[in-house]
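Take a look at the model below.

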Amino acid sequence: MTSPMLADLTWMEARDAAERGACAILPVGAFEQHGPHLPLLTDAIFATEAARAIAETLDAVVAPTLSYGCRSKALTGGGPHFPGGIGLEPAVFMQLVENVVRELLRQGFERILVLSCHWENRHFVYEGAYQARQPDTEGSARVMVIESCFGNTIRQETLDAIFGDEWPGLAREHAAIIETSVLLHLRPELVHMDRVVDDEQARFPWWDVIPPPPEFSTRSGVMWKATQASEETGRRLWADIVAAMTAAVDEELFGAAQSTGGGSGD
Ligand SMILES: [Zn+2]
């Protein structure tokens, strides 16, 4: 079976993919601290694996992942002061997204998905895609943007089963139950469960401050109860995430309503 990864293809295979109307997916992550137990590349791994999973069902090729993202914020990612993190200035990030999407358009891809799994990339990733595909320019190419791996992709009943009435909200769940569980499912060899901790910010206001007060972050970089993570939870979450993303891309870029594919009713 041919690899869905654009990097593995020859130029002829890439040309064929564009010509037959395959979707080109650009995964976008970040290089950011994820507590004492998860790797810096965590968000990029999620974006890459989500794209690869979509390509198992739909006709898609996966462009090389943008593994750098926008700078970590104290409240939602711990902040840029953690060693190892490498964040981009938003202008640089937007230009990077714009440049790559424009290149995919130039190759002739008419279906493009930009799939970001890093909270702080939101809006900037959309803007980069927008600059590449300005609506008042010619052509029928469409660029779809997913700005979060976990927002809207996890079913409420799954969240209820995992969190009960202790759901802290996605912004606070950094390096905690969801991310740890999903990485345990996808790449268990990268998760150090012997070092996992629960942690919580002393303050989580609805505003932000620069420079960020230390109590907006945590010492560990974990923002919630990462010790409750499990591979089983990750498997369950990932099934929801992949199903939701695949259905969304099918509907939006391939027109699922017109598809003749049988099977699922409703
Ligand atoms: Zn993350």
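What volume does the largest pocket have? The answer is about 380 Å³. A pocket here is an open set of points on a 1 Å grid over the protein atoms alone, with protein on both sides within 12 Å along at least five of seven lines. Volume is the space filled by probe spheres set on the points, and grid points are joined across faces, edges and corners. This is a predicted model: local features need pLDDT of at least 70, side-chain atom pairs count only at pLDDT 80 or more, and totals for chains, interfaces and linings use all residues. Residues are numbered from 1 along each chain as its sequence is written, and side-chain values use heavy atoms, with hydrogens and water left out.

The largest pocket is lined by 17 residues (an atom within 4 Å of a point). Closest to its centre are Arg 71, Ser 72, Lys 73, Glu 120 and Asp 208. The lining divides into 10 nonpolar, 2 polar and 5 charged residues. Nonpolar means Ala, Val, Leu, Ile, Met, Phe, Trp, Tyr, Cys and Pro; charged means Asp, Glu, Lys and Arg; the others, Gly among them, are polar.

A cavity is a set of points where a 1.4 Å probe fits but cannot get out. The count comes to 1 cavity of 30 Å³ or more. The largest cavity has a volume of about 200 Å³. Cys 117, Trp 119, Phe 150, Leu 170 and Glu 179 are the closest to its centre. Its lining has 7 nonpolar, 4 polar and 6 charged residues.

The zinc ion is coordinated by His 34 (NE2), Asp 43 (OD) and Glu 179 (OE), at 1.9 to 2.1 Å. Donors are N, O and S atoms within 2.8 Å of the metal (3.2 Å for Na, K and Ca); water is not among the atoms, so sites may look incomplete. Asp 43 lies in helix H2 (residues 42-57) and Glu 179 in helix H7 (residues 177-186), 136 residues apart.

Last, the sheet. Its 4 strands form an open, parallel sheet in the order E2-E1-E5-E6. Helices (H or I, at least four residues) and strands (E, at least two) are DSSP runs, numbered from the N terminus; strands pair if DSSP finds at least two bridges between them. The edge strands are E2 (60-62) and E6 (142-146). E5 (residues 111-116) pairs with E6 over 5 bridges.
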